Amino acid sequence: MGTTVGLEATKRCNFTCAHCFVSAGGKPADEMDTDEMKRLIDEMASAGVTTIGWSGGEALIRLDLAELSRFGYERNMIFSLATNGYLSTRERLAPL
């Protein structure tokens, strides 16, 4: 049996909910870029992680989320997505 990891795709969010611990706003200086995230996904796959749960902030703000998911899928990983749903369009979700 594999391991499941929750991975915060970004701390950014399109909402500013009073109850949420995420501080919405611009892109944090320390946010991982696409290549850094791919290296992390590679490391997790090597360590036996089989499932990644994307979260955030709002994970769909990351324009490379489908690319990152596909990268992991090619390493036999599966993904889930925690979203507020606001950015959920057919075009945005189809590649995921």
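Residues are numbered from 1 along each chain as its sequence is written, and side-chain values use heavy atoms, with hydrogens and water left out. Because the model is predicted, local features need pLDDT of at least 70 and side-chain atom pairs count only at pLDDT 80 or more, whereas totals for chains, interfaces and linings use all residues.

Helix H1 comprises 13 residues, 34-46. The expected span of a helix is 1.5 Å times one less than its number of residues; for H1 this gives 18 Å, in agreement with the 18 Å that separates its end C-alpha atoms. Met37, Lys38, Ile41 and Met44 of H1 are buried. They cover an arc of only 125 degrees around the axis, which places them on the same side of H1; the arc is that of the directions from the helix axis to the C-beta atoms. The face turned away from this buried side carries the exposed residues Glu43 and Ser46. Here buried means under 20% relative accessible area, exposed over 50%, and partly exposed in between, with a 1.4 Å probe and protein chains only.

At the N-terminal end, H1 is capped by Asp33, of which a side-chain oxygen lies 3.1 Å from the backbone nitrogen of Asp35. Glu36, located in H1, directs its side chain to the backbone nitrogen of Asp33 at 2.8 Å. With a relative accessibility of 29%, Glu36 counts as partly exposed. Just after H1, Gly48 adopts a positive phi of about 100 degrees.

The buried residues of H1 pack against strand S1 (3-10), strand S2 (49-56) and helix H2 (65-73). Ile41 touches Ile52, Trp54, Leu68, Phe71, Gly72 and Met77, when residues up to four places away in sequence are not counted; contact means heavy atoms within 4.5 Å. The largest nonpolar core has 14 residues, and those with the most contacts inside it are Leu7, Ile41, Met44, Ile52, Trp54, Leu65 and Met77. Two or more residues of this core come from each of S1, H1, S2 and H2. A nonpolar core is a set of buried Ala, Val, Leu, Ile, Met, Phe, Trp, Tyr and Cys residues joined through side-chain atoms within 4.5 Å.

Strand S2 pairs in the parallel sense with S1 over seven bridges and with S3 (residues 78-81) over four, pairing being assigned if DSSP finds at least two bridges between two strands. Gly6 has Gly53 of S2 as its bridge partner, and Thr51 stands opposite Ile78 in S3. Six of the eight residues of S2 are buried, so the strand is largely enclosed by the rest of the structure.

In H2, the buried residues are Leu65, Ala66, Leu68, Ser69, Phe71 and Gly72, and they pack against S1, H1, S2, S3 and helix H3 (90-93). Asp64, in the loop between S2 and H2, is buried, with a relative accessible area of 11%. Its side chain is joined to that of Arg62 by a polar contact of 2.7 Å. A polar contact is a pair of N or O atoms within 3.5 Å; within protein, one must be able to donate a hydrogen and the other to accept it, and residues adjacent in sequence count only if both atoms are side-chain atoms.
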